[in-house]
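The exercises below each set a task and then work through the solution step by step. Please keep the sequence and the structure in view while reading.

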Amino acid sequence: MKLKHLSTAMILATLPATGVFAAALDRSGQSMSAFLQPGNYFEAGITALDPDVSGKEAGSSATRRDIADMGEDYYFPNAALKLQINDKFSFGLLYDQPFGADAEYSGKNVFVSDSSNTILAPAALESIRASTIDNTFNGLTANQRVGAALQAQGVNLSTPAGQAQFAATLNAYNNDAATKAAIDAGVKQGVAARVDAGINEINGLLGKGGTKVEVDTQNLAMVFGFQPNKNWNLYAGGVYQTIKGNISLRGQAYSIYNGYDADIKETGGVGWLAGFAYQIPEIALKASLTYRSEVDHDVNIRENLPTLPALSLLGQAAAGEAIKNSSADTTITTPQSVNFDFQTGIMADTVAFANVRWVNWKDFSVQPYKFGQLSKVVGPIVNRPNGFDLVSYADDQWTVTTGVGRKLNDKWAGNVSVGWDSGAGDPITTLGPTEGYWNVGLGLQYSPTPQTFIAGGVKYFWLGDAKAQTGAQAGSDQYLAEFSDNNAIAYGLKLGYKF
């Protein structure tokens with residue numbers, strides 16, 4: 001079988017556009033393929049994604065408006081350098097951007113602010129308004145009610161005439177039912193006006209524009225390999241990872257968080273990876289298993305919560321001041337993962353390949369410090385007495401890609417593939433409302449010389465339908481929108497050089 005030189009070409013041709021719209025925040029797929037190439041090797045590539053993710057308000061949303069495409073286009077590069085130091089030891093540098101998010105809501109829906117938004121859900125706000133008016137009014141003595149009524153009429157109660165009028169009116173209030181009813185109605189109307197003015201002032205603190213998220217990571221792995229013989233390769237190394245991002249919550253969906261901004265300044269963390277590979281070059285068989293650890297990032301997230309004065313409506317004004325003046329680091333932990341890669345020759349000039357990836361999203365969550373403190377104050381209203389997260393996921397992710405590659409001639413090779421991704425749960429966060437996917441892909445590779453190649457690929461994704469929920473709803477069956485019949489197209493280009 002003519003597979004010895006084909007094994008490298010076929011796997012390389014599958015790489016562009018492999019894991020670009022996986023569950024949760026997963027992007028690159030974190031392949032180890034470059035490090036497992038024979039000899040000295042270098043590659044650089046770029047992948048771009050064009051998603052279309054639209055839906056409709058549903059569930060607990062009071063309206064049923066359409067939601068336009070909220071998935072933003074994005075791209076990410078990758079590069080790798082592998083050096084075979086001698087027949088026993090190898091060294092590699094692998095760069096990619098493993099996790100990320102890029103989305104923005106527009107139009108008129110619950111994830112975009114407009115003039116009709118209120119600091120709390122309309123029903124809850126009306127209940128608070130009514131109870132505040134009643135409690136304030138009922139707390140007024142007869143003297144206070146009469147005094148308020150006369151002051152509203154412009155009477156100066158500090159003058160002798162004003163005091164005489166006060167005494168006469170108070171006597172009538174205490175002895176004439178009609179006078180009492182008229183004064184009470186007027187005073188209650190005045191209390192209602194003041195309460196409404198306060199609510200309107202607080203509603204004026206709400207954010208403008210649409211909900212938006214942008215998260216980027218970079219990953220650099222330094223890998224050392226040991227090959228005791230031609231069949232086995234044992235490898236491990238350290239990982240340096242950075243993360244940065246911006247998140248803005250807008251619209252009625254986020255209630256008191258409408259206007260919240262989080263600026264995650266770029267920060268770094270360290271982790272590790274380890275794995276092993278087994279190969280039989282004569283039949284193009286190669287299998288590898290790689291584990292990547294979690295990476296912790298301790299970040300002092302810059303948070304803006306303009307609606308904290310609204311806590312006065314809940315009798316929690318002091319809590320609002322405490323949150324405003326507090327600060328602490330937030331730990332963001334990117335998840336651990338396992339990749340299994342396999343290929344084998346199945347006939348002359350033809351290989352079959354498969355990749356299985358597991359990512360531990362179930363244990364992933366992000367709760368910025370001030371966001372979390374506020375969630376503990378308002379949590380009891382939504383049956384979350386311990387608060388809630390900004391982002392979390394219900395399930396781990398499983399991704400499977402399988403396909404066939406074939407050498408067409410000395411310069412050209414191609415492949416076809418099919419992929420499936422489980423998603424990370426449904427309902428899922430409003431910041432990424434899809435549940436996994438199915439995809440089909442085509443790859444083509446041109447090798448102008450035995451040492452160089454150019455590989456390109458395209459994949460079409462059928463994105464899984466999902467219900468979208470806010471952090472306050474996570475873990476329940478509640479949701480605010482449904483996203484269905486969505487898709488994405490990914491394109492990849494890669495250059496490689498063997499030396």
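**Exercise 1.** How many residues lie between β18 and β19 in the hairpin that they form?

Solution. β18 and β19 form a hairpin, and four residues lie between the two strands. Strands here are DSSP runs of E with at least two residues, helices are runs of H or I with at least four residues, and both are numbered from the N terminus. The model is a predicted one, in which local features need pLDDT of at least 70 and side-chain atom pairs count only at pLDDT 80 or more, while totals for chains, interfaces and linings use all residues. Residues are numbered from 1 along each chain as its sequence is written, and side-chain values use heavy atoms, with hydrogens and water left out.

**Exercise 2.** Describe the pairing of β18 on either side.

Solution. Two strands pair if DSSP finds at least two bridges between them. Begin with β19 (residues 412–421), which runs antiparallel to β18 and is joined to it by nine bridges; in β19, N415 is the bridge partner of G405. Then turn to β15 (residues 350–359), which is joined to β18 (residues 397–407) by ten bridges, again in the antiparallel sense, with T350 standing opposite R406 in β18.

**Exercise 3.** Which strands are at the edges of the open sheet of five strands?

Solution. The order of this open sheet is β3-β2-β24-β23-β20, and its pairing is mixed. The edge strands are therefore β3 (66–67) and β20 (428–429), since each of them pairs on one side only. Within the sheet, β23 (residues 466–469) and β24 (residues 481–483) are antiparallel and share three bridges, and A468 has A481 in β24 as its bridge partner.

**Exercise 4.** Work out how helix α2 is oriented towards its surroundings.

Solution. Helix α2 covers residues 122–138, and its buried residues (under 20% relative accessible area, with a 1.4 Å probe and protein chains only) are L125, I128, I133 and F137. Seen down the axis of α2, the buried residues fall within an arc of 150 degrees, taken from the directions of the C-beta atoms from the helix axis, so they line one face of the helix. The face turned away from this buried side carries A123, N135 and N138, which are exposed, that is, over 50% relative accessible area. Among the elements that cover the buried residues are α3 (142–152) and α5 (177–203).

**Exercise 5.** Is the protein chain compact or spread out?

Solution. The chain holds seven helices and 25 strands. Its radius of gyration, taken over C-alpha atoms, is 31 Å, well over the 23 Å that the globule rule (2.2 Å times the number of residues to the power 0.38) gives for 499 residues, so the chain is more spread out than a compact globule. Along the principal axes, the C-alpha trace spans about 115 × 40 × 30 Å.

Conventions: The expected span of a helix is 1.5 Å times one less than its number of residues. Contact means heavy atoms within 4.5 Å.
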